[in-house]
Structures are given as structure tokens and as C-alpha cells.
Amino acid sequence: MEYREQLKIIKSHKWNEETGSREGRPRKNNKKRKPGIAGRFLWLIQLLASAFFLVAVLILGIIPSKYLILLAFIVIVLLILTRYMQKRACGSRKKKRSGKGLCICTSVVFAVAGFYALKGNAALDKIATGEESGKYGAEHGIDVTERPFSVYISGIDVYGDITQNSRSDVNLIATVNPKTHKVLITTTPRDYYVRIPGISGDASDKLTHAGIYGIDTSIATLENLYDTEIPFYVRVNFTSVEEIVDVMGGVDVESELAFTTSEDSGLVMDVKEGDNHFNGKEALAFVRERQNLPTGDNQRGKNQQALLTALIKKTMSPMIVFRANGMINSVSGNSETNMSEKQIKALIKMQLNDGKGWDIESVAATGDDSGKQWCYSYSDGPLYVTVPDWGSVEEIKRKINCIKAE
């Protein structure tokens, strides 16, 4: 066999080996994976949940614009990120994260947050009962973020239905200056011996009895006493005090005196002079007690101021955001106000926007509670009353005017 023929045979053999080996190898799949229907569906759910969340937050109306922009930015970034992860996983030969987990978690978080935003909006609407009554048109025209105003805080001595008329055991006036961030809390003893405008005529009665004739009568009585305008009220009862304090995780209250509460307060306990941490029942007993206090109702009023101050400070803490849902549940149905929903939201939005603390001052009306007098609403005999110290009343008038004038 000639050399050239042998060379042809060798080359032919090599070619067959190479061809066979190539044919034996598995062919690589160069086609890209198609996007999964499940991924596209999950991303659509995320889009809807994100839109629902943003709409719910807008309806709630308490988030400042700068935070709304930040929230919208976060929502858009998460949508883009999950879509990018899906496309990257589909366009790669290697198995990569498809973003399904992120998509599901984001959808759940936004859906739940949107639900609670709408729930909060419904609770605020329920609390603002004055808006539905149509009786407070002039009051609703007040810009509470620009103009000083006073709020009567009435604590009625009952559990349950907040709408029932009852004696007012707590009679506080919060005079608020939103510009200077100052609050003056004025307490008036429940047994203060005063005239009830439109009811008692020239006769006098206990302040607490004014609550029997309705919240507006109590406001008129205090307006007449301090010669000031009180456009708003907030009404709470025993149930709301207990639940609000418990939802907040308790409050730290500073007591001027050490004393033991009596059974009439609802709970027998020892109160220390200085700082005390109270749960709901303990806080309520603290503000109801008067029998074991040296100055009786005068000191009880100061204790009520101390609790209100503690509550205000607690609500100003950023950590209160994590207890917002429980607070909404406890406040709704157990309190009411004639402030409009718009005014309440404006105050919350203002606080969230600037985050400033509040300078809180307390003052108490005093008097002589050692004797009895005839009361307009009780004809069976004289009752123990607190005869006003008109010097303290004049001092309170001056302080209220100063807060409003600053």
C-alpha cells in the first residue's frame, strides 16, 4: 500500500472518531428560560398591594409629605428590584434567585400596613363624634396647628358606654399653643362650688353635677369660672383610662406623696413618693383616690395632672408607633371629642413632621373643702363642697392668657 493511501485511511479514521465523539456528547441547551407565569402573577400582586398601601396612607392623612415621598420611593425600588430578580433568573443558564420570597413578603407587609391605616382612619372618624352632630361648625374652623386653643378633658365616673351623661370626676383643661409647643394643664376640684350657667341661676352647685346636664354644660361652667373660651372637649371613662395605659405598656407617673389607696378607688395599693410605674388598674386607682390624701380632692386633681403629663410624654415617644394598633382599638368606642377628624389628623401630622417635645406646666385651683353647702342639684341636705380660693382662680386666668398670647 502506498504512503498516500495509508495517509488517507488514517485521516478518515480520525474524522470518524471526532464525529462520533461529538455526536455522543450531550448538546447544550442554548435557549433562555421563559419567564414563569407564577412570577409574573406574584409581581402583579405586589404591585396591587403597594398601590393599596399608598392609597390607604393618603386616606389616613397623617403622614408628612417628606415621609410620603420616602415611602413611595421605597415602594418603587422594591417593585423594580423584584422585577429585575425575576428577569435575571429567567435570562440565565444558572439557577438564580427569582425574587418570589421578596415579592410575597413585600405584598403581605404592604397589605397589612394598608389595612391598619384604613382601620386607624375609621377609628379617628368614630372618635370625632362632633363632626357628625353638626353642632360645632365654628369650632371646626379653628386651625389647631397655628392658633392656641383649650380642650376640656372630662373623665366620667362610669365604665362602658361613653355617650351616657354622668358626673365628671376629672375636670382638666389643656391649653395648647402649637407654635411655642407649650401646654398648661389646669385642674379644678370636682366639688368646686360654682354656678352652672343656664341651669342653677344664682344658686351654686358642685362642678361635678354639671356633667349630669351634658358635656356642653360642664364646658360653659368652666368658661364662666376662668373667663376663657374652651372650644373643644375630650371625654373618657374608666374603661378608656385602663385600656389606654395597658396598651402603652404602663406609664411612669411621678407622685408628690406616698399613700395607700382605699377600696373606693377600685384597687388597694401603695403609692411611692416620686416615680411609680402603673398598669391600667393602678393608674385608675391613683387618679380616683381622695380619702387617704391629706387635702382630699385638691391632691386628687394634682394626681390627675401627673397621670395626664405622663401619658402625653409617652405618646410623644417614637416607640409608640409599635403600639398604635392597640391604642386605636382601645380609644375607639371609649372616648369621644367634638374636634373634627381633619383637626385631629392635622395635630398628629404636625407632631410627626417636627418631632418637637412639649413644655408642660400644671396648675390647680384650690379652695376650702372643710364645710357643707346647699347644692342646686340636691335638695335632701347640704353636701361637702370646695369653696373656691378666688386668688388661685385669678392666677389660673393669668396663666391661660399668657399661654394663648405667646
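Mentor: Let us begin with the elements: helices (H or I, at least four residues) and strands (E, at least two) are DSSP runs, numbered from the N terminus, and two strands pair if DSSP finds at least two bridges between them. The model is predicted, so local features need pLDDT of at least 70 and side-chain atom pairs count only at pLDDT 80 or more, whereas totals for chains, interfaces and linings use all residues. Residues are numbered from 1 along each chain as its sequence is written, and side-chain values use heavy atoms, with hydrogens and water left out.

Trainee: How do you know that S14 and S15 are paired?

Mentor: Three bridges join S14 (residues 372–375) to S15 (residues 378–384), and the definition asks for at least two, so the two strands count as a pair. They run antiparallel, a hairpin of two residues joins S14 to S15, and Cys375 has Tyr378 in S15 as its bridge partner.

Trainee: What is the order of the strands in the open sheet, and why does one side of S11 and of S12 lack a neighbour there?

Mentor: The sheet is made of six strands in the order S11-S6-S1-S2-S3-S12, with mixed pairing. S11 (335–337) and S12 (359–364) stand at the edges and each has a single partner strand, so one side of each is left without a neighbour in the sheet. On average, neighbouring strands are turned by 20° against each other, direction ignored; here axes are lines fitted to C-alpha atoms, for helices over the stretch in contact, and angles run from 0 to 180 degrees between N-to-C directions. S3 and S12 are paired in the parallel sense through six bridges, and within that pair Ile185 stands opposite Ser362 in S12. Helix H13 (residues 390–405) packs on this sheet, where it touches S1, S2, S3 and S12, and its direction makes about 160° with that of S3.

Trainee: Why is Ile185 called buried?

Mentor: Buried means under 20% relative accessible area, exposed over 50%, and partly exposed in between, with a 1.4 Å probe and protein chains only. Ile185, which lies in strand S3, has 0% relative accessibility and therefore counts as buried. Leaving aside neighbours within four places in sequence, Ile185 is in contact (heavy atoms within 4.5 Å) with residues including Leu172, Leu308, Ile360 and Ser362.

Trainee: What makes the pair Phe259 and Phe286 stacked, and the pair Phe115 and Tyr116 edge-to-face?

Mentor: Rings of Phe, Tyr and Trp (its six-membered ring) pair if their centres lie within 6.5 Å, and planes under 30 degrees apart count as stacked, over 60 as edge-to-face and the rest as tilted. Six aromatic pairs are found in the whole structure. Phe115 and Tyr116 are 5.3 Å apart, centre to centre, with 65° between the planes, which gives an edge-to-face pair. Phe259 and Phe286 have centres 6.1 Å apart and planes at 20°, and that pair is stacked. Phe259 lies in S8 (residues 259–260) and Phe286 in H9 (residues 280–288), 27 residues apart. Phe286 has a relative accessible area of 0% and is therefore buried, as is Phe259 at 7%.
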